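Please look through the sequence and the model shown below, and keep both at hand while reading. The paragraphs that follow begin with aromatic rings and then turn to a helix.

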Amino acid sequence: MPFTASHRGGSGSPLVCLHGFADTWRTWELVLPALERRHDVLALTLAGHAGGPALNGMVDHAALADAVQAAMDDAGFATAHLIGNSLGGWLALQLAARGRAQSVVALAPAGGWARDDESWKDVLRLQAALIEQARASAPNAEAILASPEGRRRATRYTVVNYEHLPVDLLAHQLLGVAACRDGERLVSFALGADWRLDAERIACPVRVVWGNEDRLLPWPSAAARYRTDWLPHTDWVELDGVGHCPQLDVPAPTADLVLGFTA
């Protein structure tokens, strides 16, 4: 199953989609048709991920954002509406602080734990373990995803509602996690990183969307610094019965939340 660096389609004002850790651009597949009716959409696979550009040299705070910025430059996007999930939401806000965003919709963005909350380290260790599990499971992906029980296990940390998700997309995601070549390096760096956002430099409108059944970044604790320190006056949307990846969990409402904001 091939992994590619990006997808581009549609017409209108530029919109860039940024996925979460160990995912690929295809996490946006179910919302792309709606987004592309109004936007020139560039969905990227992040550096160091399956199909994305190489993450050369040392991993640092700027590496992933620099790669996204380079892709925007190549696409001719001086600025764009940005939508990001998890790690991608964190990157969208970093790019907004660099002046590259017309607006940001951040779906459960990473990095918002309270200063005295060390649970983020457990999340990172869990994600490293999930990469190992995916590599062990990859040869049996088809068999694992053949049953509803297997599909439930494969999506337990990403969505509440999984029955509508295409099996080929789930297989792609499982294999993508297994092929996330720099996953361990990114986790190792993040465990020692200081999560910091130059929120005062963000001049564009921001909407933060969070599912209240998120099992990776639980609401509201994982949003603490966003709500109190960084983005207290931004537009907040809480989704009932939704997990970590709203674009997969409830694609139509997620697309509406994006389009209603970019308009």
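Rings of Phe, Tyr and Trp (for Trp, its six-membered ring) pair if their centres lie within 6.5 Å, and planes under 30 degrees apart count as stacked, over 60 as edge-to-face and the rest as tilted. This is a predicted model, in which local features need pLDDT of at least 70 and side-chain atom pairs count only at pLDDT 80 or more, while totals for chains, interfaces and linings use all residues. Residues are numbered from 1 along each chain as its sequence is written, and side-chain values use heavy atoms, with hydrogens and water left out.

One aromatic cluster is formed by Trp 90, Trp 113, Trp 120, Trp 195, Tyr 226 and Trp 230, and the structure holds eight aromatic pairs. The rings of Trp 113 and Trp 120 are tilted, because their planes stand at 40 degrees with the centres 6.1 Å apart. Trp 113 and Trp 195, by contrast, are edge-to-face, because their planes meet at 70 degrees, with 5.6 Å between the centres. This pair links distant parts of the chain, 82 residues apart: Trp 113 lies in the loop between strand 5 and helix 4 (119-137), and Trp 195 in the loop between helix 8 (183-191) and strand 6. Helices (H or I, at least four residues) and strands (E, at least two) are DSSP runs, numbered from the N terminus.

Helix 3 (residues 87-97) is mostly covered, with 11 of its 11 residues buried, among them Trp 90.

Terms used
Buried means under 20% relative accessible area, exposed over 50%, partly exposed in between (1.4 Å probe, protein chains only).
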